[in-house]
Amino acid sequence: MPDVALPPAVAETLAMLSSPVLVITTHAQGRNNGLVARSGLFASLLPEAPRVLVELTKANLTHDLVLASRVFALHTLPALPHDALMTSLSLVHTLGMRSGHDGDKMTGIAARPGVTGCPILNETLTYLEARVLATLDGEELTIFLADVVNGGRLRDGEPLTFDLLREHLPKEWFAEWTTSRERQIDDARRRRGLK
């Protein structure tokens with residue numbers, strides 16, 4: 001099925017809804033894993049009892065591990081200074097362009113276990129840990145609503161956005177990015193009966 005071109009106003013509005021680049025990590029069944037996610041939202045009226053909402057595609061091992069463990073850590077990545085940006089790009093390359101189904105993506109990534117047992121990535125900007133309260137099946141993805149149980153800021157700076165990621169992503173990684181994205185889109189279309 002060919003990609004459908006969205007009207008410019010719809011595409012622009014959807015782009016405005018994009019969150020910073022997020023990394024989600026989890027731990028279950030004796031295994032750590034992580035992925036790059038496009039969306040995370042503050043999901044509570046109560047500042048003293050924060051909740052977050054994330055969506056994870058079913059094609060990813062991290063999805064299955066979060067379902068099993070009912071915990072995850074959400075990280076933002078630093079955009080500055082240049083060394084931090086290069087580390088962020090490396091994390092996106094490792095966690096966002098490979099599948100955990102094909103092997104351990106977490107080897108060599110500096111991390112420590114958080115209070116939930118999820119890996120807290122040392123080179124990120126901020127993190128929070130959450131325990132899943134409820135899920136919603138969205139065919140190709142699952143929406144997780146979770147209570148925040150811990151979190152912190154690991155460095156000063158601004159978060160990496162998808163616009164900055166596209167601007168700074170090394171050209172030699174574009175083929176991997178495209179292949180990974182196409183694999184996930186194909187899986188999503190299959191799960192929604194569009195293929």
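Because the model is predicted, local features need pLDDT of at least 70 and side-chain atom pairs count only at pLDDT 80 or more, while totals for chains, interfaces and linings use all residues. Residues are numbered from 1 along each chain as its sequence is written, and side-chain values use heavy atoms, with hydrogens and water left out.

The sheet comes first. Seen strand by strand, the order is S2-S1-S5-S8-S9-S4-S3, an open sheet of 7 strands with antiparallel pairing. Helices (H or I, at least four residues) and strands (E, at least two) are DSSP runs, numbered from the N terminus, and two strands pair if DSSP finds at least two bridges between them. S2 and strand S3 (40-42) sit at the edges with a single partner strand each, so one side of each has no neighbour in the sheet. From one strand to the next the twist averages 30°; axes here are lines fitted to C-alpha atoms, for helices over the stretch in contact, and angles run from 0 to 180 degrees between N-to-C directions. At the S3 end, S3 and S4 pair in the antiparallel sense over 3 bridges, with Leu53 in S4 as the bridge partner of Leu41.

Strand S5 (residues 71-76) is mostly covered, with 6 of its 6 residues buried. Buried means under 20% relative accessible area, exposed over 50%, and partly exposed in between (1.4 Å probe, protein chains only). Val71, Ala73 and His75 point one way from S5, while Phe72, Leu74 and Thr76 point the other way. On one flank, S5 pairs with strand S1 (residues 22-28) in the antiparallel sense over 4 bridges, and Thr76 in S5 is the bridge partner of Leu22. S5 also pairs with strand S8 (residues 126-137), again antiparallel, over 6 bridges; here Tyr127 in S8 is the bridge partner of His75.

Two helices lie over the strands. H2 lies across S1, S2, S4, S5, S8 and S9, running at about 55° to S1. In this helix (residues 61-69), Leu61, Thr62, His63, Leu65 and Val66 are buried, and the buried residues of H2 pack against strands that include S2 (31-37), S4 (51-57) and S9 (141-153). Contact means heavy atoms within 4.5 Å. Just after H2, Arg70 takes a positive phi of about 65°. H3, for its part, lies across S1 and S2 at about 115° to S2. H3 has 15 residues and reaches 20 Å from its first C-alpha to its last, close to the 21 Å expected at 1.5 Å a residue; the expected span is 1.5 Å times one less than the number of residues. Among the buried residues of H3 are Ala84, Leu85, Leu89, Val92 and Leu95, and their cover includes S1, S2, strand S7 (119-121), H4 and helix H5 (174-191).

What about the cores? A nonpolar core is a set of buried Ala, Val, Leu, Ile, Met, Phe, Trp, Tyr and Cys residues joined through side-chain atoms within 4.5 Å. Of the 19 residues in the largest nonpolar core, Val21, Leu95 and Leu165 touch the most other members. Helix H3 (82-96) and helix H4 (162-168) each supply at least two residues of this core, and the largest share, 5 residues, comes from H3. Leaving aside neighbours within four places in sequence, Leu165 is in contact with Val21, Leu89, Val92, Leu160 and Trp177. Apart from this core lies another, of 15 residues, among them Ile24, Ala37, Leu128 and Ala146.

Helix H5 also holds Asp187, which counts as buried because its relative accessibility is 14%. The side chain of Asp187 makes polar contacts with the side chains of Arg190 at 2.7 Å and Arg191 at 2.6 Å. A polar contact is a pair of N or O atoms within 3.5 Å; within protein, one must be able to donate a hydrogen and the other to accept it, and residues adjacent in sequence count only if both atoms are side-chain atoms.

The peptide bond from Leu80 to Pro81 is cis, with omega near -10°, and Pro81 lies in the loop between S5 and H3. Gln29, in the loop between S1 and S2, has a positive phi near 55° and is exposed, with a relative accessible area of 69%. Glu139, in the loop between S8 and S9, has a positive phi near 65° and counts as partly exposed at 43% relative accessibility.
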